[in-house]
Amino acid sequence: MRNGRYRDSHRHSLLCILPPHMLEEIAKHGTPAQRAAALAALPADEATRDLRSAEKPAPRAARLVAPKPPAIPKKRRTIYDAAGAQQLPGKVARREGSKSLGDVAVDEAYAGLGATFDFYLANFRRNSIDDAGFPLKATVHYGVGYDNAFWNGKQMVFGDGDGKLFNRFTSSLDVIGHELAHGVTAHEAGLVYLEQPGALNESLSDVFGSLIKQYSLNQDAAQADWLIGASLFTPNVKGVALRSMKAPGTAYDDPVLGRDPQPAHMKDFAVTTRDKGGVHINSGIPNRAFHLAAIAIGGKAWAAAGRIWYETLRDPKLKADANFVAFAKLTVATAGRLYSAAGKEAAAVADAWKQVGVL
Amino acid sequence: MRVELTIDGGFACFPGLAKPITIDSTQLPAADAADLRRLCGAALAVASDESTSPPATLYDARRYHLAIDIDGVKRDLDAADPVSQPAVADLIAFVTNVSRR
């Protein structure tokens with residue numbers, strides 16, 4: 001283990017035989033499959049990160065701090081019960097490794113945190129939110145009839161819903177994944193939560209929230225529903241979900257909630273002062289771009305499209321105030337770097353952004 | 001007395017829920033009207049102690065604006081998730097629940 005990164009030295013038996021300098025040469029000059037295998041076998045330290053980019057990126061400020069003690073990836077979950085109050089974190093309801101005591105919301109949060117952790121580790125070798133074993137905490141039963149969920153920088157908070165319009169917010173794995181993904185974004189690009197960078201921040205949470213659900217169901221991109229919060233509405237609501245990544249603007253049309261305001265194309269970009277400049281509204285545009293790219297590439301959405309989006313998030317060239325165009329261009333460049341500039345992945349990503357009017 | 005609650009932010013942006021919620025005590029049953037007056041008094045008593053804007057590390061949090069008119073005396077109260085004062089949280093929950101009956 002180096003620089004706090006855990007290495008699975010048995011990931012690929014053949015590559016484990018090869019010395020690091022040889023692996024580095026393969027990582028630089030091999031085919032996409034060879035590069036991926038070599039990179040997976042190399043220690044995940046700063047030198048390896050450089051190899052993942054065609055040009056050497058400047059290290060992020062956060063990675064210049066003193067190395068943390070080595071961390072072995074393992075879940076460290078704690079679920080709290082606010083018992084209807086709005087004081088955080090509440091009383092401990094379940095700790096890592098402990099058994100269920102029968103509280104459905106507690107158990108859903110516990111399972112959802114675990115599924116999210118497992119997803120990032122298995123697919124991106126990421127050790128929790130900060131890639132250094134960040135403890136995963138969630139408070140459930142927050143407030144009375146509280147129909148919302150949020151991330152406060154340290155933990156997730158979930159309401160039980162009002163029972164009239166909304167069910168409990170822990171019932172949706174993509175919502176749990178969405179909230180944790182805000183933590184990942186904060187530790188990587190730190191996209192400002194306002195206007196276009198804020199909409200990208202929101203979109204990245206929807207992307208990885210959806211991917212975590214798809215991964216748990218082992219779905220291909222074509223099989224996925226691409227809905228966010230599909231289980232949150234009660235039967236009283238005329239709608240299928242809070243958002244649709246496949247068809248923004250169609251998730252609900254309800255007498256009380258109104259009509260889904262998300263645009264699917266830049267020509268309908270919402271200019272508003274509400275919702276931090278429409279971060280939950282205009283996220284529909286990059287959401288749809290990801291969906292289109294994933295469908296065009298085919299297979300499991302987390303394998304290629306998800307990887308491209310994840311590595312773009314981690315790229316130091318992605319600035320905190322990035323707009324849609326900057327992010328889109330970087331995803332195309334990332335696809336070219338990870339696979340091939342002339343490959344189907346880069347073409348699919350570029351075409352997706354063109355279809356939503358960003359490029 | 002009248003209370004107008006405006007909620008912004010949250011996990012999703014619902015146009016129907018973005019509209020201000022207005023509660024008029026003259027339109028409420030007597031018991032609810034009494035509760036409203038009590039809750040407003042308690043919330044205003046701690047209003048200065050309440051955080052008015054979520055910090056930058058908060059995502060999907062809500063912001064609340066209450067315009068309270070008690071017998072012609074108007075006061076505004078702003079809060080954000082997590083609402084630190086129980087009295088403010090109770091008032092927000094009461095107004096929200098009454099509006100959804």
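Modeller: Two strands pair if DSSP finds at least two bridges between them; strands (E, at least two residues) and helices (H or I, at least four) are DSSP runs, numbered from the N terminus. This is a predicted model, in which local features need pLDDT of at least 70, side-chain atom pairs count only at pLDDT 80 or more, and totals for chains, interfaces and linings use all residues. Residues are numbered from 1 along each chain as its sequence is written, and chains are lettered from A and ligands numbered from 1 in the order in which they are written.

Biologist: Which residue is the bridge partner of Thr78(A) in β3(A)?

Modeller: Strands β1 (residues 77–81) and β3 (residues 136–140) of chain A pair in the parallel sense over 5 bridges. Within β3(A), the partner of Thr78(A) is Lys137(A).

Biologist: Which strands of chain A stand at the edges of the sheet?

Modeller: The open sheet has 5 strands in the order β2-β1-β3-β5-β4, with mixed pairing. One side of each edge strand is left without a neighbour in the sheet, because each has a single partner strand; these are β2 (91–95) and β4 (149–151) of chain A.

Biologist: Is Ala87(B) buried or exposed?

Modeller: Ala87(B) is in helix α3 of chain B. A residue is buried if 20 or more other C-beta atoms, placed from the backbone, lie within 10 Å of its own, exposed if 12 or fewer, and partly exposed in between. Ala87(B) has 20 C-beta neighbours inside 10 Å, so it counts as buried.

Biologist: How many residues of chain B are in contact with chain A?

Modeller: Contact means that the C-beta atoms of two residues, placed from the backbone, lie within 7 Å. On the chain A side there are 32 such residues, and on the chain B side 26.
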